[in-house]
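My entries follow in the order I made them.

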Amino acid sequence: MSAQQYRRAEQQSYFDGGLLSYIGWVIFGAIITAFTLGLAYPWAIVNIYRWKINHTVIDGKRLEFSGTGWGLFGQWIKWWFLTIITLGIYGFWVHIKLLDWKARHTTLVDDFYNF
């Protein structure tokens, strides 16, 4: 393999997750959320994010998710409180804040091919 072919192979982007494991995480998250009356919803979201992000490779570098259910739960409480005191207006920003939180906890693993 030439150096140019190696660099091209090294810079590929792909997703290597499987459908059955995704379905399993979604069902498990839904069951846990139902049993806890919604309290475990942030934990379920974090597990789905972790599964999706950890199975993604961009330009030859694997993504890694470092968020935790407790970390999101704290944010969730804050966002819920702000939505209540603004009579629902802050609710329009919750999705954007969730995307921001997810991006802040996503990093690129530099040495993916050296594992």
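**Pocket.** I listed the lining of the largest pocket: Tyr-22, Trp-25, Val-26, Gly-29, Ala-30, Tyr-41, Ala-44, Ile-45, Ile-48, Tyr-49 and Lys-52. The search ran on a 1 Å grid over the protein atoms alone; a pocket is an open set of points where a 1.4 Å probe fits, with protein on both sides within 12 Å along at least five of seven lines, and lining residues have an atom within 4 Å of a point. I noted a volume of about 170 Å³ for this pocket, a volume being the space filled by probe spheres set on the points, which are joined across faces, edges and corners.

The model is predicted: local features need pLDDT of at least 70, side-chain atom pairs count only at pLDDT 80 or more, and totals for chains, interfaces and linings use all residues. Residues are numbered from 1 along each chain as its sequence is written, and side-chain values use heavy atoms, with hydrogens and water left out.

Which helix gives the most to the lining of the largest pocket? I found that H3 does, with six residues; H2 and H3 each supply at least two. By class I have nine nonpolar residues, one polar and one charged (nonpolar: Ala, Val, Leu, Ile, Met, Phe, Trp, Tyr, Cys and Pro; charged: Asp, Glu, Lys and Arg; polar: the others, Gly among them).

**Fold.** I counted five helices and four strands in the chain, taken as DSSP runs numbered from the N terminus (helices H or I, at least four residues; strands E, at least two). Along the sequence the pattern reads α-β-α-α-β-β-α-α-β. Of the 115 residues, 25% are buried (under 20% relative accessible area; exposed is over 50%, partly exposed in between, with a 1.4 Å probe and protein chains only). I also looked at contacts (heavy atoms within 4.5 Å): among those between residues at least 6 apart in sequence, 64% join residues at least 24 apart.

**Aromatic pairs.** My search of the whole structure gave 10 aromatic pairs. Rings of Phe, Tyr and Trp (its six-membered ring) pair if their centres lie within 6.5 Å; planes under 30 degrees apart are stacked, over 60 edge-to-face and the rest tilted. Tyr-22 and Trp-51 are a tilted pair, because their planes stand at 40°, with ring centres 5.2 Å apart. This pair links distant parts of the chain, Tyr-22 in helix H2 (residues 19-35) and Trp-51 in helix H3 (residues 41-54), 29 residues apart. Tyr-22 is partly exposed at 27%, while Trp-51 is buried at 10%.

I then took Trp-25 and Phe-28, whose centres are 6.2 Å apart and whose planes are at 75°, so the pair is edge-to-face. Both lie in helix H2, three residues apart, about one turn of the helix. Trp-25 is partly exposed at 33%, as is Phe-28 at 39%. Ring pairs also link Phe-15, Tyr-22 and Trp-51 into a cluster.

**Charge over a ring.** The charged end of Lys-102 sits over the ring of Tyr-49, 4.5 Å from its centre (NZ of Lys or CZ of Arg within 6 Å of the ring centre and within 35 degrees of the ring normal).

**Backbone.** Most residues other than glycine have a negative phi. I logged Leu-37 with a positive phi of about 55°, in the loop between H2 and H3 and exposed at 79%. Leu-87 also has a positive phi of about 55°; Leu-87 is in the loop between helix H4 (69-85) and helix H5 (91-104) and is exposed at 80%.
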